[in-house]
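Welcome, and please have a look at the model below.

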Amino acid sequence: MEENRAFEQMRMAAQAPLQERDPAQLAAMADGDWDPDRGLLTVQTLGQAVSVAVPDYYVTPELEPWHTLILLHYLANADGTPPAGRLMTFGAMRDGLIRGTKYDAASEKQLSDFLNLLTPERLRAACRALAGRELPEKCDLCVTFPLFPRFPVTMKVWFADEEFPASGKLFVDQSADHYLSVEDAVTVGDLLIERLKRELQK
């Protein structure tokens, strides 16, 4: 109960600055769609369209609580900067020296722990289910996920061979600071890994 109350306070705090903003401008900055007749701002996340009701900023269909909170933060921070198309670690984000660098190591361990149990085909199928798009890179598999339209997360994977176990790393685009704080970005990484695990269990 206490945890729910604390989250509700965070959600209300995230909604407050949005209520002062022009929803049409918000949609333009976040690369979403604004329907003034219905009062809905629609944004894509991992291949799913979600609608945000204005002026209350409630999200449908309902997302996991932290996913909802990050979406609201994304809308509040969005300034229209397009993705740079160049990757950086979480540690390279603004104020990411401690929190981001720690997450770079933690996410690499999380990925390595379950990648060793997978075939490339199963992993590719799970990535496609989350709207992941393969990119040509100097690794065995590189997939970019549209967490939000202007906040992609990229996963690089090296599959196991006779000498080395499988490993993986997560990266954000160099424009990431225009949309989320490093604390939110870390939550994004965890969310993506958990969604991948869920797809792999189907």
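Two strands count as paired if DSSP finds at least two bridges between them. Helices (H or I, at least four residues) and strands (E, at least two) are DSSP runs, numbered from the N terminus. This is a predicted model, in which local features need pLDDT of at least 70 and side-chain atom pairs count only at pLDDT 80 or more, while totals for chains, interfaces and linings use all residues. Residues are numbered from 1 along each chain as its sequence is written, and side-chain values use heavy atoms, with hydrogens and water left out.

- Strand E6 (residues 133-134) pairs with E7 in the antiparallel sense over two bridges, and Arg 133 has Thr 144 in E7 as its bridge partner.
- A hairpin with six residues joins E6 to E7.
- The hairpin that joins E7 to E8 goes through two residues.
- Why is E7 largely enclosed by the rest of the structure? Seven of its eight residues are buried, so E7 is largely enclosed; buried means under 20% relative accessible area, exposed means over 50%, and partly exposed is in between (1.4 Å probe, protein chains only).

**The sheet of E1 to E4**

- Four strands form an open sheet in the order E1-E2-E3-E4, with antiparallel pairing.
- Strand E1 (33-35) and strand E4 (58-60) are the edge strands, each pairing on one side only.
- On average, neighbouring strands of this sheet are turned by 30° against each other, direction ignored. Axes are lines fitted to C-alpha atoms, for helices over the stretch in contact, and angles run from 0 to 180 degrees between N-to-C directions.
- Strand E2 (residues 40-45) and strand E3 (residues 48-53) run antiparallel and are joined by six bridges, with Leu 41 opposite Val 52 in E3.
- The hairpin of E2 and E3 has two residues between the strands, and Leu 46 there takes a positive phi near 50°.
- E3 and E4 pair in the antiparallel sense over three bridges, and Ser 51 stands opposite Thr 60 in E4.
- In the hairpin of E3 and E4, with four residues between the strands, Tyr 57 has a positive phi near 60°.

**Helices across the sheet**

- Helix H2 (residues 23-30) lies across E1 and E2 and runs at about 160° to E1.
- Helix H3 (residues 65-77) lies across E2, E3 and E4, at about 110° to E2.

**Pockets**

- How are pockets found here? On a 1 Å grid over the protein atoms alone, a cavity is a set of points where a 1.4 Å probe fits but cannot get out, whereas a pocket is an open set with protein on both sides within 12 Å along at least five of seven lines; lining residues have an atom within 4 Å of a point.
- The largest pocket has a volume of about 320 Å³. Grid points are joined across faces, edges and corners, and a volume is the space filled by probe spheres set on the points.
- Of the 17 residues lining the largest pocket, Phe 7, Arg 11, Glu 64, Pro 65 and Thr 68 lie nearest its centre.
- Helix H1 (2-15), E4 and H3 are the elements that give two or more residues to the lining of the largest pocket, and H1 gives the most, with eight residues.
- The lining of the largest pocket holds nine nonpolar, three polar and five charged residues. Ala, Val, Leu, Ile, Met, Phe, Trp, Tyr, Cys and Pro count as nonpolar, Asp, Glu, Lys and Arg as charged, and the others, Gly among them, as polar.
- The second largest pocket contains about 220 Å³ of space. Its lining has 13 residues, and Arg 133, Leu 135, Thr 144, Pro 152 and Thr 154 are the closest to its centre.
- Strand E7 (141-148), strand E8 (151-158) and strand E9 (167-173) each supply at least two residues of the second largest pocket's lining, which divides into six nonpolar, three polar and four charged residues.

**Leu 196**

- Leu 196 is found in helix H6 (residues 182-200) and is buried, with a relative accessible area of 1%.
- Which residues are in contact with Leu 196, leaving aside its neighbours within four places in sequence? They are Ala 126, Cys 127, Leu 130, Phe 145 and Met 155, where contact means heavy atoms within 4.5 Å.
- Leu 196 and Val 157 are 39 residues apart along the chain, and their C-alpha atoms are separated by 13 Å.
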